[in-house]
Amino acid sequence: MKETLLVKHAVGGRTFIDSGKDGVSYQWEQAGEETRFVLSVPPERVQEIMKWKDELNVFLFQEQEGQPIQKIWFYVKNGPVAYDAASGQLTIVAQSKIEYIPEQFNAQL
């Protein structure tokens, strides 16, 4: 399975991180209602993200051969967003998610 992660500004739609283009490594895990993302991000990329930390969306695009792309949209409501400069790790915790297949979603509109 191929997976791409995006971190975007919820209001403006500006993309802060695109793992497919930026080469940013990440891990994520579901813990009850919350989803925790840990990304390796250079310090110069973090300032803008932290400025808008209360207005972030995280997207995962999951592709499997022969299947339509699955999109998972996570919203960071009140979840912590923190950067550890020593390790270069950005942690984002999202409280809500919506899973859908964009082709099917657009067809319903």
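Leaving aside residues up to four places away in sequence, Thr 4 touches Asp 18, Ser 19, Gly 20, Tyr 26, Phe 59, Leu 60 and Phe 61 (contact: heavy atoms within 4.5 Å). The model is a predicted one, where local features need pLDDT of at least 70, side-chain atom pairs count only at pLDDT 80 or more, and totals for chains, interfaces and linings use all residues. Residues are numbered from 1 along each chain as its sequence is written, and side-chain values use heavy atoms, with hydrogens and water left out.

Thr 4 sits in strand 1 (residues 2-9); strands are DSSP runs of E, at least two residues, and helices runs of H or I, at least four, numbered from the N terminus. Thr 4 counts as buried because its relative accessibility is 15% (buried is under 20% relative accessible area, exposed over 50%, partly exposed in between, with a 1.4 Å probe and protein chains only).

Turning to the sheet, 4 strands make up an open, antiparallel arrangement in the order 3-4-8-7. Strand 3 (26-31) and strand 7 (81-84) are its edges, each pairing on one side only (pairing takes at least two DSSP bridges between two strands). Inside this order, strand 4 (residues 34-40) pairs with strand 8 (residues 89-94) in the antiparallel sense over 6 bridges, and Thr 35 has Ala 94 of strand 8 as its bridge partner.

As for Trp 73, this residue belongs to strand 6 (residues 70-75). With a relative accessible area of 32%, Trp 73 is partly exposed.
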